[in-house]
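Me: I have a structure to go through. Let us take it in short questions and answers.

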Amino acid sequence: MRRCLCPGSFDPVTNGHLDVIERAASLFDEVVVAVGVHPSKKGLFSVDERIDLLEKVCAHLPAVRVESFEGLLVDFARRLDIPAVVKGLRAVTDFDYELQMAQMSHRLTGLETLFVATNPDYSFLSSSLVKEVASYGGDVAGLVPDVVLQRLHERLGRR
């Protein structure tokens, strides 16, 4: 069985994230969407809320399951016996950082990292940008799944 991780903070999950997860699901038998828990970071959504949103937006993908993890991704991958990570790359700046992470992961445990080029429709998109635009009342419809848009409006007191 071919298995991979799609890690991230997903605060919130965007259509760019969903695109990468769907593409990974077309290539692997099982995809574990790994929500990183960083106790020092205060997110807009709790880890449980992020997991709930991811489960909802990935419900059409039977090979996908969502879990959270703390600590090193390589340790989480080893615990689950998963040999590969799939990451989306938006720009050269992503590549510089992600290449370093991939090389360290491989050195530590042999974990392989596969990069997929982001769909050009989402090349500018990040969770941080979505949160900032939405917090000022900007329209982020079409950038996040509908259920995420609704939760953003509820959380930020819009509509």
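Me: Where is phenylalanine 10?
Reply: Some ground rules come before that. This is a predicted model: local features need pLDDT of at least 70, side-chain atom pairs count only at pLDDT 80 or more, and totals for chains, interfaces and linings use all residues. Residues are numbered from 1 along each chain as its sequence is written, and side-chain values use heavy atoms, with hydrogens and water left out. Phenylalanine 10 sits in the loop between strand 1 and helix 1.

Me: Is phenylalanine 10 buried or exposed?
Reply: Buried means under 20% relative accessible area, exposed over 50%, and partly exposed in between (1.4 Å probe, protein chains only). Phenylalanine 10 has a positive phi of about 55 degrees, though it is not a glycine. Its relative accessible area is 4%, so phenylalanine 10 is buried.

Me: Is aspartate 81 buried or exposed?
Reply: Aspartate 81 lies in the loop between helix 3 (73-80) and strand 4 (84-89). Helices (H or I, at least four residues) and strands (E, at least two) are DSSP runs, numbered from the N terminus. Phi of aspartate 81 is positive, near 55 degrees. Its relative accessibility is 61%, so aspartate 81 is exposed.

Me: Which residue is joined to aspartate 11 by a cis peptide bond?
Reply: Omega of that bond is about 0 degrees.

Me: Within what arc do the buried residues of helix 6 fall?
Reply: The buried residues of helix 6 (residues 146-156) are Val148, Leu149, Leu152 and His153. Seen down the helix axis, they line one face, because the directions from the axis to their C-beta atoms stay inside a limited arc. That arc is 140 degrees.

Me: Which helices are among what covers the buried residues of helix 6?
Reply: Contact means heavy atoms within 4.5 Å. The cover includes helix 2 (47-57) and helix 5 (127-135).

Me: How many residues does the largest nonpolar core have?
Reply: A nonpolar core is a set of buried Ala, Val, Leu, Ile, Met, Phe, Trp, Tyr and Cys residues joined through side-chain atoms within 4.5 Å. Those with the most contacts inside the largest one include Ile21, Val33 and Leu54. Elements giving it two or more residues include strand 2 (30-37) and strand 3 (64-70). The total is 37 residues.
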